[in-house]
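Please look through the structure shown below before reading on. The paragraphs that follow go from the overall fold to the metal site and then to pairs of charged side chains.

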Amino acid sequence: MDLSVVFYGTGGSVPTARRATACVLIRAGGERVLIDCGEGAQRQMIASTGLVQVDDILITHFHADHYLGLPGLLKTWDLQERQAPLRIAGPKGLRDLFEALRRIFGRIRYPVELVELGPGEALPGADGFELRAFEVEHRMRANGYTFVEHERPGRFDADLARELGVGDVRDFGRLQRGEAVAVERGEVHPDQVMGEPRRGRKIVVTGDTAPCEMTRIAAHQAELLVHDGTFAVEEAARAAETGHSTARQAAELAAAAEARMLALVHISTRYHVGRVLDEARAAFAEAHAVRDFDLVEIPFPERGEPRLVAGGASQQREGPEPESAAAIEGD
Ligand SMILES: [Zn+2]
Ligand SMILES: [Zn+2]
């Protein structure tokens with residue numbers, strides 16, 4: 001399964017000329033999951049990957065910089081005559097928010113399912129992976145989200161199978177599916193020729209949060225941790241007051257969690273990003289201050305480390321071209 005993360009919005013609180021507010025896309029095989037949907041999310045998509053038809057949108061919390069992009073995106077899909085159902089999940093309060101937003105975007109004709117997720121609850125029906133909410137520490141009820149790919153079966157040892165007398169390649173398939181096969185000297189069982197199951201890849205997106213133990217647990221050995229890095233070290237007190245983190249705290253947490261890569265987002269516009277990043281890298285070398293349209297590719301662990309591709313989102317278009325988006329009539 002191809003697994004990557006696209007950053008559409010890496011800014012905090014307010015958009016700037018170069019950064020939109022919170023919005024991240026997880027691409028897992030054919031599945032598309034958006035986490036947060038800040039203002040202008042649809043323009044960020046159109047400007048890079050194209051307007052991706054996501055299956056699920058997960059909102060971390062109900063501060064405006066994390067959901068203002070919803071009405072526009074939902075309306076555009078309606079104008080494009082989207083048929084596919086859409087699921088939107090978020091903490092308790094999502095239904096109230098959606099009722100309020102409905103006055104803005106009016107009627108939409110494709111099915112929208114709302115799911116309120118409490119801490120520890122998983123989004124039902126995900127295929128090949130699990131999406132689970134965990135509680136973070138912000139000024140309001142807020143979820144972080146963990147994406148975990150299902151465990152993969154261990155490696156099949158064909159040489160050993162042959163040594164044990166399995167000659168037919170169809171029997172190789174049976175063993176890999178967990179069936180025992182008959183050989184001249186009796187039977188060969190899958191556990192004789194299959195290695196240990198291999199851990200699935202993990203991505204954690206915290207949304208806005210103070211550094212907290214729940215994140216450290218959720219992000220244990222994650223391939224990628226996307227964490228709030230709003231403040232510089234000198235404003236640690238202000239970070240604590242406002243339910244945010246310093247980039248340095250996020251880095252310490254990534255190190256404690258043994259994550260492989262840290263993507264810092266939501267960095268306040270008052271700082272020079274390079275300085276904040278230096279503070280973070282002193283604690284965790286694989287810290288990155290990602291920008292809008294960056295992409296992180298996450299190969300299977302045995303094939304290498306997660307890789308940050310600067311501006312990579314624009315090189316992998318998958319939505320309709322801007323011309324066809326412009327051809328929509330009405331409204
Ligand atoms: Zn925010
Ligand atoms: Zn917030």
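A residue is called buried when its relative accessible area is under 20%, exposed when over 50%, and partly exposed in between, with a 1.4 Å probe and protein chains only. This is a predicted model, in which local features need pLDDT of at least 70 and side-chain atom pairs count only at pLDDT 80 or more, while totals for chains, interfaces and linings use all residues. Residues are numbered from 1 along each chain as its sequence is written, chains are lettered from A and ligands numbered from 1 in the order in which they are written, and side-chain values use heavy atoms, with hydrogens and water left out.

The protein holds 11 helices and 16 strands, where helices (H or I, at least four residues) and strands (E, at least two) are DSSP runs numbered from the N terminus. Its radius of gyration, taken over C-alpha atoms, is 22 Å, close to the 20 Å that the globule rule (2.2 Å times the number of residues to the power 0.38) gives for 331 residues, so the protein is as compact as a globular protein of that length. The C-alpha trace spans about 70 × 50 × 35 Å along its principal axes, and 51% of the 331 residues count as buried. If contact means heavy atoms within 4.5 Å, then among contacts between residues at least 6 apart in sequence, 61% join residues at least 24 apart.

What coordinates the zinc ion (ligand 1)? Asp 65 (OD), His 66 (NE2), Asp 208 (OD) and His 266 (NE2) do so, at 2.1 to 2.2 Å; donors here are N, O and S atoms within 2.8 Å of the metal (3.2 Å for Na, K and Ca), and since water is not among the atoms, sites may look incomplete. The angles among the four donor atoms run from 88 to 169°, and the site is irregular. The zinc ion (ligand 2) is 3.5 Å from the zinc ion (ligand 1), and Asp 208 coordinates both. His 66 lies in the loop between strand 4 (56–58) and helix 2 (70–79), and His 266 in the loop between strand 13 (262–265) and helix 10 (273–281), so this pair ties together parts that are 200 residues apart in sequence. His 66 is buried at 1% relative accessibility, and His 266 is buried at 4%.

Side chains of opposite charge can pair when their charged atoms come close. With a salt bridge taken as a side-chain nitrogen of Lys or Arg within 4 Å of a carboxyl oxygen of Asp or Glu, the count comes to 20 salt bridges. In one of them, Arg 109 meets Asp 78 at 3.1 Å, N to O. Arg 109 lies in the loop between helix 3 (94–105) and strand 6 (112–116) and Asp 78 in helix 2, so the pair ties together parts that are 31 residues apart in sequence; Asp 78 is buried, with a relative accessible area of 6%.

Arg 198 forms a salt bridge with Glu 302, their closest N and O atoms being 3.3 Å apart, and this pair links parts of the chain that are 104 residues apart. Arg 198 is partly exposed at 24%, as is Glu 302 at 38%.

Definitions and conventions:
Four donors count as tetrahedral if all angles lie between 85 and 135 degrees; four count as square planar and six as octahedral if opposite donors are over 155 degrees apart and all others between 65 and 115; anything else is irregular.
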